[in-house]
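Let's walk through this model together, one piece at a time. Keep the picture open while you read.

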Amino acid sequence: MAMEEREGECPRKPVSSSADQYPLDANCYKILDEIGRGVSAIVYKAICIPMDSSVVAIKAIDLEKSRADFDSVRREAKTMTLFRHPNILRAHCSFTVDRRLWVVMPFMSGGSLQSIIASSFPDGLPEPCIATVLKEILSALSYLHGQGHLHRDIKAGNILVDSNGSVKLADFGVSASIYESNLTHGLGRSSSSSSLRLTDFTGTPYWMAPEVIHSHTGYGFKADIWSFGITALELAHGRPPLSDLPPSKSLIMKITKRFRFSDHYEKTKDSKKKRFSKSFKDMVGLCLDQDPSKRPSAEKLLKHPFFRNCKGPEFLVKNVLLGLPAVEQRFKGAKIHSKNDEDDEDADDDDSSSGENVKQRRISGWNFNEEGFELDPVFPSDQQETGDKMGKQVTFGDEIVIQEKGSDGSPQGSNSSPAQHETEAASAGVGIDMGVVLGSLLFLRKSLDDQRQQVAQMIASIGGEDALETSREDQLMQAIEKLRVEVESERKKRVAAEMELEFFKLQLSNEC
Amino acid sequence: MKSLFKSKPKTPADLVRQTRDLLIFIDTGGSDTKESKRDEKMTQVSKLIRELKQVLYGDSQSEPVSEACAQLTQEFFRENTLRLLILCLPKLNLETRKDATQVVANLQRQQVQSRLIACDYLEKNIDLMDILIAGYEDIDLALHYGAMLRECIRHQSVARYVLESEHMRKFFDYIRLPNFDIASDAAATFKELLTRHKSTVAEFLSKNYDWFFAEYNSKLLESTNYITRRQAVKVMPICFFVVFIGPFAWAVGDILLDRSNSAVMTRYVSSLDNLRILMNLLRESSKSIQIEAFHVFKLFAANQNKPADIVGILVTNRSKLLRLFADFKTEKEDEQFEADKAIVVKEIAALEPK
């Protein structure tokens with residue numbers, strides 16, 4: 001294959017893949033340390049013995065914990081094989097080791113920006129560093145979008161830094177291709193503006209665009225731009241906006257008030273009035289426009305004045321990486337300090353395609369407050385004016401719910417991406433809006449699970465020393481449990497409807 | 001973007017013609033031409049293929065225009081452009097290969113005067129499938145050819161060709177390739193072949209029962225590789241249900257009504273060897289494999305005309321099976337699964353040795 005690559009010489013040919021033929025055999029690698037962990041994946045630092053013991057990162061994904069189908073895992077592997085860009089983390093190779101899929105990647109010694117911030121910049125990075133990092137990420141986004149790909153999980157935890165200051169976007173576990181899952185043109189479906197849209201429900205909620213959470217029409221590249229804006233705030237403040245707020249106002253806010261999950265963001269905001277440049281605020285403001293169509297494309301954003309005088313990678317080496325504890329040390333530290341933050345590690349679960357493994361909550365919209373450089377939440381109860389644009393609430397009970405995540409494989413697994421347009425067509429025929437309902441349900445379920453867990457931890461932490469408190473907790477637990485049951489029954493309905501959908505799909509495909 | 005500055009816009013048909021001319025040049029080698037000239041042609045063809053893609057998919061500024069797509073498709077299949085593109089793919093750079101793959105994928109669904117002319121073309125040039133399938137043997141081409149192949153087998157006649165060709169045997173090896181990305185791509189194609197076109201698959205399975213299930217058992221279900229077993233045991237019930245029973249009949253209760261009426265499936269569930277393999281899978285420590293295996297196993301239990309030796313095995317293992325099913329649960333509660341399990345348990349409990 002080395003020959004093949006060389007024959008196809010072309011000026012803009014990327015670095016030949018054959019230069020790094022990493023062995024497909026676990027015995028060729030020696031694991032040194034664990035550097036990240038998610039629900040179904042662990043990231044190791046390792047050396048590849050036959051390759052001069054070069055250092056690599058291995059993401060070991062537990063396939064047993066992966067969804068029924070491997071489609072999302074397959075897609076990630078494919079993406080990482082076929083995408084070549086200086087700011088996108090490539091896979092050297094991937095192969096299975098018993099029940100785990102090993103994805104061998106270059107080792108990025110700086111680790112994720114999330115872990116860098118957590119360890120050394122709790123109040124956020126200096127603005128010039130932010131500009132430098134974001135410009136690189138924009139360049140990656142521009143390439144991805146040009147390829148028809150959405151990343152769908154842009155956040156500091158997925159931005160990796162190497163020892164030389166180079167910045168790469170990682171984790172394509174939830175990314176999607178408009179070419180794979182939405183080839184509906186020419187088949188008569190009125191695709192007008194929806195052709196570049198997906199209705200899967202994925203990503204990490206704090207970074208999620210309003211239309212991803214609420215819209216019936218799916219979302220496009222502009223959702224990545226929103227997440228990019230949130231990431232900018234994350235880098236500026238040290239954590240994503242609103243991360244001090246729990247998922248559901250009605251139930252959980254009470255708990256928050258009593259126990260103060262984390263008012264960290266509030267504090268830093270008050271104590272250190274950070275000053276940010278006008279152009280930075282303007283840039284973020286553009287990304288966080290409620291109307292996706294008004295957000296600039298990645299390509300356009302690259303020309304924004306904020307990115308005009310960006311520094312090079314050396315600048316990051318000096319100002320960010322210098323004196324930073326090694327990534328494995330940071331991981332160990334983080335593990336001790338906060339178990340709850342684990343899912344922010346860059347070993348994010350691959351299953352997160354359905355919004356699991358993440359903290360979630362419901363906010364009907366976000367208004368960017370440029371002055372304060374923050375997002376102000378709009379809760380469902382106070383969304384009268386903004387409501388109809390983005391804030392359709394999910395109703396439980398009488399709606400028929402159908403799972404709309406063809407590309408990720410249904411629980412029955414007979415779904416494959418080329419068939420998705422039929423899924424959509426069929427559902428359109430039945431006149432049900434599926435993605436949103438399902439998404440919101442999954443969302444709610446997971447958020448309830450998380451909350452339950454946290455409540456349980458809190459109960460444990462107060463050790464039942466106050467009987468009254470405990471019984472209130474019990475009540476809350478019961479309330480949560482009740483909701484969970486409700487969600488579960490919705491899920492069953494969905495499964496039933498899904499079978500029906502499967503049937504329509506088959507009918508369609510047999511008619512073809 | 002750059003095309004904004006061009007004097008006159010090319011028509012979609014022009015784009016195809018120019019691409020074809022360049023591909024002919026590249027295909028014939030152009031070995032006597034200067035390197036710089038060849039580089040230039042490569043750059044040109046990359047640009048043209050990107051433009052073809054833009055016509056078919058639109059871009060951030062514009063939606064695809066169906067008239068333009070139809071023109072492009074017509075011109076594309078009027079001559080041998082697809083063959084040239086497939087043959088030249090190894091010589092194109094990575095970005096262009098990806099563009100070309102997306103173009104070919106899209107063309108499979110384009111209708112010209114409500115006909116899928118790609119299908120007509122492929123029927124006359126069916127040997128192209130041989131090239132695409134062989135792509136799984138080349139690390140650099142596998143994912144591109146694989147993606148094209150999956151689009152082509154959307155056409156039933158093309159799928160029939162692939163199913164009935166010798167290539168079908170090779171999939172048992174491709175699925176087991178060490179490169180995960182390639183193996184899983186091959187598995188996706190394999191699954192598509194076995195589940196997409198009901199009547200074709202049914203015909204294929206009845207004609208090729210012996211070798212197919214022998215291979216399926218020995219190479220896939222009894223593989224030492226976890227992921228091979230898991231993928232194989234997953235595809236099987238889907239294939240059976242889709243092809244022989246219909247998707248509404250996932251419930252084992254429906255099978256008891258004997259709607260299947262299929263010789264293949266009756267034969268399958270009457271085989272002691274198949275039962276043995278499935279029972280081994282049921283004993284696996286992997287929950288996912290166990291659950292999938294159950295979906296096949298239930299067919300054996302539900303069969304109303306069980307041969308004596310099958311009954312014998314089930315009776316011999318009755319207590320073990322019942323114990324297994326007693327704490328056999330899906331991760332999330334699943335009514336259907338529980339209902340199926342109840343029926344299977346009842347069937348097994350009621351068995352009398354013949």
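Axes are lines fitted to C-alpha atoms, for helices over the stretch in contact, and angles run from 0 to 180 degrees between N-to-C directions. From H3(B), B:Thr73, B:Gln74 and B:Phe77 make the contact, and from H6(B) it's B:Ile117, B:Ala118 and B:Tyr121. Two residues are in contact if their C-beta atoms, placed from the backbone, lie within 7 Å. Sorted by class, this contact has 4 nonpolar, 2 polar and no charged residues. (Ala, Val, Leu, Ile, Met, Phe, Trp, Tyr, Cys and Pro count as nonpolar, Asp, Glu, Lys and Arg as charged, and the others, Gly among them, as polar.)

A word on what you're looking at: this is a predicted model, where local features need pLDDT of at least 70 and side-chain atom pairs count only at pLDDT 80 or more, while totals for chains, interfaces and linings use all residues. Residues are numbered from 1 along each chain as its sequence is written, and chains are lettered from A and ligands numbered from 1 in the order in which they are written.

Now hop over to chain A, which has 17 helices and 12 strands. Those are DSSP runs numbered from the N terminus: helices (H or I) of at least four residues, strands (E) of at least two. Find the open sheet of 3 strands, ordered S6-S8-S9 (chain A) with antiparallel pairing. Its edge strands, S6 (111-112) and S9 of chain A, each pair on one side only. Pairing takes at least two DSSP bridges, and 2 bridges join S6(A) to strand S8 (residues 159-161) of chain A. A:Gly111 sits opposite A:Val161 in S8(A). Helix H4 (residues 127-146) of chain A lies across S8 and S9 of chain A, at about 40° to S9(A).

Why is helix H3 (residues 113-120) of chain A largely enclosed by the rest of the structure? It's because 6 of its 8 residues are buried, among them A:Leu113 and A:Ile116. Buried means 20 or more other C-beta atoms within 10 Å of a residue's own (12 or fewer is exposed, in between partly exposed; C-beta atoms are placed from the backbone).
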